[in-house]
Every structure is written in C-alpha cells, then in structure tokens.
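Here is a brief report on one protein chain. The sequence and the structure come first.

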Amino acid sequence: MSTKQKTNGVRILRKYTNRRLYDTSRSCYVTLEDVKELVLNTEPFQVLDSKSGQDLTRNILMQIISEQEAEGHGTLLTNQVLQQLIRFYGDSMQGMMSQYLEQSIGAFLEHQDLIRDQMQNMIGAANPLTMMNRIADQNLAMWKMFSPGVNPDGSPMQAPKKPDITATEAEKSRSATSRRDEPKRR
C-alpha cells in the first residue's frame, strides 16, 4: 500500500515507536488534538501500530478522554462510574453492559437537540429579566383591571346603556304608582 492510505473512506493514522501519529492521507504528523477534531467532525479513522498493524484506535480514544478529564473540561466519568465499569470487566454481564452503554449514548445523542431546547427553555424561564418582565406584565394587567373606566385590555369603558322599558314593564310601573296614590281603605 502507498503511504497515502484510506481504506473504505476511513482515514488511517500510523502510530510509531516514538509515540507520534502519522496521518497517511495528508502525509503529515498529527497530535491528539487533531485526532480529537476528527472525532468531533465525525470523520471515520483508524489508528494502527506502524510495525505490527495492530488496531490502537481505542487506546488513542482512551488517551484523549483521559486528557479531557484531567484538563477540567467537566467530568463525565466520575470515580464511582469508573469503579463500576471496572467491576464489569470479567463479569458475565460485560457484553450486555457494553451494548447498554452504546445504545444509551446513541439514544441520548438522538434526543440531544430536544434536550438542549428544553434546557434552554428552563434557563430562559429562570432568567431574572424574563421573570421580572412577566411580573411587570401581570402587575400592569391587575392595575388596569382595577382602574375605573378602563377595560382589562386598557381600552376605555363605555357607559352602560339604560335598558329600554317595554310596554308591560311600563304598565307595572304605572300600576304600582297608581296604587300608592290611592287612598288607603280601612
């Protein structure tokens, strides 16, 4: 094979005894930071030992994770999680645990955008300015509701119309008046 090597669209990196990584597709040495960028860009790659051809990809990925954890980028793998993972090695459930972790992370990644949106909404709701605006709007609505001559929407109220008196109501009113005017009989 030539030094510029790509197998099935997978970038090949060779690790030499001096612990340097060589990118065969670009014909240059790369750092762990460059490999991390490949991961972040979801570019497929494989790290092979330059002499034996052994796949070292997992070792390099573990090294990147170890450096990320040490640099204080937030701990994903707490001591407790690492201890629990170590306990699974050699256990009859090791294969199932590996599948479970892979599927769980896959499901989390599928829903990552939804989770981000929900977190953003929660953060927005907890924002003091947002909360103060809501309170101010509620107070203004209450103020308007109790203001005389103003509708809750802020528009001026119209004076209530006097109801039209129907003929029967007028008769009742006249008969009540005429009864008052009549002398009382004893």
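The sections below cover the fold, the core, the salt bridges and the surface.

## Overall fold

This is a predicted model. The chain has 186 residues. Its secondary structure comes to seven helices and five strands. In sequence order, the pattern reads β-β-β-β-α-β-α-α-α-α-α-α.

Of the residues, 12% count as buried. The accessible surface is about 15,900 Å², with 55% of it belonging to carbon and sulfur atoms. Take the contacts between residues at least 6 apart in sequence: 33% of them join residues at least 24 apart.

In soluble globular proteins, nonpolar side chains tend to be buried together. Here the largest nonpolar core holds eleven residues: L13, L21, V30, L32, V35, L38, F45, V47, L56, I60 and I64. Three elements, α1 (32–40), β5 (45–49) and α2 (57–70), each give two or more residues to this core. Helix α1 provides the largest share, three residues.

V35 is one of the core residues. Beyond its neighbours within four places in sequence, V35 contacts L13, L21, V30, F45, I60 and I64.

## Salt bridges

The count comes to five salt bridges. One of them pairs R11 with E43, with the closest N and O atoms 2.9 Å apart. R11 sits in strand β2 (residues 10–15) and E43 in the loop between α1 and β5, so the bridge ties together parts 32 residues apart in sequence. R11 counts as buried, at 10% relative accessibility. E43 is partly exposed, at 26%.

R26 and D23 also meet through their side chains, at 3.9 Å from N to O. D23 is buried, at 0% relative accessibility, whereas R26 is partly exposed, at 47%. A further bridge joins E33 and K36, again with an N to O distance of 3.9 Å. These two residues are three apart in helix α1, so about one helical turn separates them. E33 is partly exposed, with a relative accessible area of 43%. Through shared partners, salt bridges link R11, D23, R26 and E43 into one network.

## Surface features

I105, F108 and L109 make a nonpolar surface patch of about 310 Å². L109 belongs to helix α4 (residues 94–110).

K51 lies in the loop between β5 and α2. Its relative accessible area is 70%, so K51 is exposed.

Methods: Residues are numbered from 1 along each chain as its sequence is written. This is a predicted model: local features need pLDDT of at least 70, side-chain atom pairs count only at pLDDT 80 or more; totals for chains, interfaces and linings use all residues. Side-chain values use heavy atoms; hydrogens and water are left out. A nonpolar core is a set of buried Ala, Val, Leu, Ile, Met, Phe, Trp, Tyr and Cys residues joined through side-chain atoms within 4.5 Å. Buried means under 20% relative accessible area, exposed over 50%, partly exposed in between (1.4 Å probe, protein chains only). Helices (H or I, at least four residues) and strands (E, at least two) are DSSP runs, numbered from the N terminus. Contact means heavy atoms within 4.5 Å. Patches are made of residues with over 30% relative accessible area and no salt bridge: like charges are joined within 9 Å, nonpolar side chains (Val, Leu, Ile, Met, Phe, Trp, Tyr) within 5 Å. Accessible areas come from the Shrake-Rupley method with a 1.4 Å probe; for residues, only the protein chains shown count as cover. A salt bridge is a side-chain nitrogen of Lys or Arg within 4 Å of a carboxyl oxygen of Asp or Glu.
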